[in-house]
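Hi everyone, and thanks for coming. Let's take a few minutes to walk through this one together, so please have a look at the screen.

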Amino acid sequence: MRLAKAWIVARKDFSEFRANKQIIATLAMMPILMTIFSVVIAVPLASLAAQEPPPEPDLHLNLLIFYDHVGLEDTTLSGAWVNHSTVLNGIVNVSYINNSTLTNVIAQGSLLDNVTITNGILIGCVLRNSKYNQNSTVMIDTVVSGTTSGPSELYQTLLDLMTHSFLLYFFFIMAAAMPTTIASYSFVGEKSNKTLEPLLSTPLTDGELLFGKYIAVFLPVMSLILLAFAIMTVLIDFFTAPLLGYILIPDATWLVGVFVLTPIICIVGIAMNVYISSKVNDVRTAQQYSALIVLPIMLVFVIGPVTGLGSITVGFMSIIAMVFLGVLAILVWLNLKTFNREGILTSWK
Amino acid sequence: MSGLAIQARGLTRLFGTKLAVQDVSFDVAWGQVFALLGPNGAGKTTTMRMLCTLLRPTAGTAEVGGFDVATQPIKAREQLGLLPENPGLYESLSAERNLRFYGEIYGVPPSKLQGRIEEILKTLEIYDRRGDKIAKFSKGMRQKIAIARALVHEPRILFLDEPTASLDPEASKVVRDFILQLKAKGGTILLNTHNLYEAQRLSDRVGILNTRLVAFGSPHDLADRMWSRSTEVTLKVPDAKFITAIKALGFVKDVRREDGRFIVSMDDPENNNPRLAEALVRAGAEVVSIKEREHSLEDIYLKLIRGGETG
């Protein structure tokens with residue numbers, strides 16, 4: 001195969017895209033929205049995750065009674081030090097509860113350290129390193145720190161999920177979806193514009209023609225994706241680094257995702273689109289089929305995390321990349337093997 | 001390498017069970033313009049597509065520029081330039097960009113390509129519009145650009161499929177004149193047309209196709225094969241008594257009256273017409289004109305298509 005010939009075909013397609021503002025607008029829309037969306041999501045989350053917990057108030061505990069390893073039920077405790085115990089249906093005033101379980105308890109002005117709360121009302125308390133049910137626990141003027149369901153930890157988890165899974169996931173969607181705009185047009189468009197007959201009468205081989213079409217889609221799509229990634233990274237880090245004190249993206253996951261897996265997904269998408277495009281006989285049908293091919297690609301990234309088989313990590317992405325490379329090899333072989341000049345010329349109306 | 005530009009032997013093409021072209025054989029020499037004539041659906045475009053390697057023959061073989069279209073398609077395509085029935089230009093690109101793309105595909109050196117594009121566009125009188133998008137061009141202009149595209153790489157053989165179909169008379173004339181220029185420069189052209197005037201004017205030889213090739217040769221040869229040679233005699237007074245005088249001549253095969261003229265069948269009219277004139281004058285006739293009867297391509301075409309093979 002003469003790569004120079006394929007490059008000539010690709011350059012011609014670039015010229016056509018450049019002349020068609022609708023295609024450019026359609027292509028650019030997704031990365032622009034993605035960039036805006038990512039910044040809008042990440043910055044407030046970073047702001048929430050970076051919140052310092054309020055200072056703990058001095059509770060002036062005057063502990064008069066010590067309970068250790070007991071079960072207390074229907075009890076009102078005042079000035080008590082409760083250690084390794086359970087409290088059921090009780091009221092706790094200005095006490096220190098440590099390593100205990102509280103159920104149906106109202107606590108006021110108390111220090112609760114390393115406790116588990118089910119159905120509680122905490123008023124003016126300090127809650128440290130504890131677990132509580134958010135749905136059944138009411139907090140009033142209560143300071144929470146080091147707690148499983150604490151707000152800043154929650155936001156930090158959300159921020160990690162957004163920036164290291166969700167946003168990266170959208171890059172994979174872009175890589176699979178964006179080629180449909182132009183790749184599905186590649187052969188059907190040539191046919192419907194009656195440009196295919198003179199093109200096929202030139203000394204181009206099937207491989208040169210197909211590879212030219214691959215390049216013509218891959219380069220603009222990947223350029224836009226990388227541009228979106230660069231802008232998104234700069235904007236997110238510009239706004240979040242002062243809040244968090246560290247650079248949020250990129251990290252190894254992002255680098256592997258954007259520079260290894262995204263291009264592979266993009267080429268697989270293109271190969272599928274070109275295959276469809278050379279088999280159907282009008283642009284609309286090609287685009288409808290092309291929209292469907294995004295689904296199996298995306299399914300991989302839904303099934304992985306949902307089934308617990310893998311989240312978007314470097315290891316998981318490496319496995320998927322290998323699988324997609326195998327799929328790509330099959331698709332390229334299929335495209336070359338089933339590319340039928342006669343069929344394209346004679347069976348299309 | 002073959003001494004012929006195009007050589008077709010028993011070309012046959014089926015689409016499913018439908019026979020589009022059956023057992024077509026012909027040769028086109030270098031520097032010759034060959035017109036394939038036939039009604040719609042006769043297989044002209046299918047034959048051209050087989051020669052341009054766009055369709056594989058179901059049976060038979062063909063060589064273009066000495067290269068087998070089935071086994072050496074890339075080499076064969078390097079020899080040819082194709083003007084399909086539809087111009088098939090990239091509408092959003094300029095005329096120059098369209099030509100540049102095809103020039104590059106055919107491997108025209110960059111140093112030569114610009115000059116070549118300018119030369120063709122100037123010849124076709126569209127150089128001033130080279131930067132305009134094709135979408136802004138009229139049908140005639142598009143056809144000119146499509147011809148320029150077929151020629152940009154200076155092909156050895158040019159295939160023109162209905163080059164003036166759907167063009168207005170003025171645009172048709174420009175295209176025909178350009179083909180005549182190419183012919184004068186010794187270009188080898190295969191022309192598909194159902195315009196008999198065009199075929200008669202442009203081609204050296206014609207093939208009349210109706211799924212099978214029903215006739216092949218120069219228009220003159222075909223007429224000779226289909227009709228015996230004859231001379232039209234116009235007399236001031238076409239009296240029946242002159243028929244006897246004509247029949248008395250030994251070389252005359254038959255005489256009949258037609259629209260007040262005598263049609264005299266004979267061999268070798270070049271030598272016998274003076275003897276015929278002399279005999280008529282001697283018989284007292286006032287001769288207005290004596291000339292060999294010519295059959296137009298239209299006569300030939302209609303007789304073949306309506307009447308079948310000439311034999």
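Let's start where the two chains touch: 22 residues of chain A are in contact with 24 residues of chain B, and contact here means that the C-beta atoms, placed from the backbone, lie within 7 Å. On the chain A side, the elements that give two or more residues are helix H1 (3-19), helix H5 (196-200) and helix H10 (341-346). H1 of chain A gives the most, with six residues. By type, that side of chain A divides into seven nonpolar, eight polar and seven charged residues; Ala, Val, Leu, Ile, Met, Phe, Trp, Tyr, Cys and Pro count as nonpolar, Asp, Glu, Lys and Arg as charged, and the others, Gly among them, as polar.

A word on the background. This is a predicted model, where local features need pLDDT of at least 70 and side-chain atom pairs count only at pLDDT 80 or more, while totals for chains, interfaces and linings use all residues. Residues are numbered from 1 along each chain as its sequence is written, and chains are lettered from A and ligands numbered from 1 in the order in which they are written. Helices (H or I, at least four residues) and strands (E, at least two) are DSSP runs, numbered from the N terminus.

Now to chain B. Its open sheet of six strands has the order E6-E7-E8-E3-E9-E10, with mixed pairing; strands pair if DSSP finds at least two bridges between them. At the edges are strand E6 (80-83) and strand E10 (212-217) of chain B, each pairing on one side only.

Let's follow E7 of chain B. Is this strand buried or exposed? Five of the five residues of E7(B) are buried, so the strand is largely enclosed by the rest of the structure. Buried means 20 or more other C-beta atoms within 10 Å of the residue's own, with C-beta atoms placed from the backbone. B:Ile157, B:Phe159 and B:Asp161 lie on one side, and B:Leu158 and B:Leu160 on the other.

What about its neighbours? E6(B) and E7(B) run parallel, joined by four bridges, and B:Leu83 stands opposite B:Leu160. E7(B) also pairs with E8(B) in the parallel sense, over five bridges, and B:Ile157 has B:Thr188 as its bridge partner there.

Finally, E3(B) and E8(B) run parallel too, with five bridges between them; B:Leu36 is partnered by B:Asn192 in E8(B).

Definitions and conventions: A residue is buried if 20 or more other C-beta atoms lie within 10 Å of its own, exposed if 12 or fewer, and partly exposed in between; C-beta atoms are placed from the backbone.
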